[in-house]
Amino acid sequence: MGIKIENVAKRFGSFQALEPVSLEVKTGSLVALLGPSGSGKSTLLRIIAGLETPDTGNIYLSAQDATDRKVQERNVGFVFQHYALFKHMTVRKNVAFALEIQGWPQARIQHRVEMLLNLVQLEGLSDRYPAQLSGGQRQRVALARALAIEPQVLLLDEPFGALDAKVRKDLRDWLRRLHDEVHVTTVFVTHDQEEAMEIADEIVVMNQGRVEQIGSPAEVYENPATPFVMSFIGAVNVLSPDATWQALHHPLPGNGEVFLRPHDIEIFSTPVPGSLSATVQRLIHLGWTIRLELTLDDGQALTAHISHEQLRDFQLQPQAVIYVRPKSVRTFEPVAEVKTAVA
């Protein structure tokens, strides 16, 4: 079931949570709503679910207007960040709850629950209570419960936000594999750029209630539509276009700030054409790479990523002077085009 959102807006008192938003989610796709706190992503998700009513606009599910439908009429599964499991019920009873409410026959409920517990890899824990499970296991129970009613749409509101980094990474991998098995249309909210890049087919980048850009992970990273997208997706240096920089890299389009990815910076031990001198302030080992915190001669801070081999070759130490040259820079016109629909 596809989702179409048409000119949906929402205000809470004096706060405009959503400007008019329009986008489409293709049937069977996995789409991330990505943005900082207050960007409107959770509000939009709750409107799709029927938990909030839009002030204007319409929600279409399978080309049918669902704007005024109740939650239980939308055939939508919803998973919250904090599980919301019934503490007094076993794993089996939690997953079966909605099916019992709908009056499914017991034999069919038993078969459905067993199938789902196997799907989420919890088949041996059906008689445990939520307090006897780890955070990652509880979240998988919540996902199984959401899938129990055979929803046409699965909505996830920061489902891994309460978990530690290692468990989040494991569950991200698991969710992607699960989606590839069940192919249910899925929309999930996150403020974690890496999570969105790793899981989603399409990313909807939101900011201050607006859609800034929609595209594949590669598209929003490599071809950001606005300065916000460039600065929010992945690490980036934002530099003022001073006379020295312009002299080295003219003509730059636009007249705003210069955006430069840390991995797009070359370093040299001696001056080369187009390079600027920089002083090493700090070296930070990130495991797979080394982050250099630098200061240019004009006082601007600059971050570069180098390999372990480069660190050994240059024998860098704090206060060392090196020379940097960008391989690629981006600038933006004062008013950038904003994309608001999925093809």
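Predicted model: local features only at pLDDT ≥ 70, side-chain atom pairs only at ≥ 80, totals over all residues.
1. Helices α2 and α3. Helix α2 spans residues 91-101, and its axis comes within 10 Å of that of α3, with a crossing of roughly 130°. The two helices are therefore oblique to each other, and their crossing is right-handed. On the α2 side the contact involves V91, R92, V95, A96, L99 and E100, which meet Q106, I109, R112, V113, E114, L116 and L117 of α3. By class, this contact comprises 8 nonpolar, 1 polar and 4 charged residues.

2. Helices α3 and α4. Helix α3, residues 106-119, packs on α4 at an angle of about 140°, the axes being 10 Å apart. That angle makes α3 oblique to α4. A right-handed crossing is found for this pair. The residues that meet are R112, L116 and L119 from α3 and A144, L147 and A148 from α4. They divide into 5 nonpolar and 1 charged, with no polar residue.

3. Helices α4 and α5. The axes of α4 (residues 135-148) and α5 (residues 165-182) come within 11 Å and cross at roughly 25°. Since angles under 35 degrees count as roughly parallel, α4 and α5 are therefore assigned to that class. The crossing of this pair is right-handed. From α4, the contact draws on G136, Q139, R140, L143 and L147, while α5 supplies V167, L171, W174 and L178. Its composition is 6 nonpolar, 2 polar and 1 charged residues. L147 of α4 is also listed among the residues that meet α3.

4. A salt bridge within α5. The structure holds 17 salt bridges. One of them joins D170 to K166, with the closest N and O atoms 2.8 Å apart. These two residues are 4 positions apart in helix α5, which means that about one helical turn separates them. In general terms, side chains of opposite charge can pair when their charged atoms come close.

5. Overall arrangement of the sheet. Five strands form an open sheet in the order β13-β17-β14-β15-β16, and the pairing is antiparallel. Strands β13 (265-268) and β16 (301-306) lie at the edges, each pairing on one side only. On average, neighbouring strands are turned by 45° against each other, direction ignored. As background, strands of a sheet pair through backbone hydrogen bonds, either parallel or antiparallel.

6. Pairing of β14 with β15. Strand β14 covers residues 276-285 and strand β15 residues 290-296; the two are antiparallel and share 7 bridges. Within this pairing, T279 is opposite T295 of β15, and V280 is opposite L294 of β15. In a regular strand, side chains alternate between the two faces of the sheet. The hairpin formed by β14 and β15 has 4 residues between the strands, and G287 there adopts a positive phi near 90°.

7. Pairing of β14 with β17. Strand β14 is also joined to β17 (residues 321-326), in this case by 4 bridges, and the two strands run antiparallel. The bridge partner of L276 in β17 is V324. In the strand order, β14 accordingly stands between β17 and β15.

Technical notes:
Residues numbered from 1 in each chain as written. Heavy atoms only, no water. Axes fitted to C-alpha atoms, helices over the stretch in contact; angles between N-to-C directions. Parallel < 35°, antiparallel > 145°, perpendicular 65-115°, else oblique. Left-handed = near helix turned anticlockwise from the far one by under 90°. Contact = heavy atoms within 4.5 Å. Nonpolar A, V, L, I, M, F, W, Y, C, P; charged D, E, K, R; others polar. Pairing = 2+ DSSP bridges. Salt bridge = Lys/Arg side-chain N within 4 Å of Asp/Glu carboxyl O.
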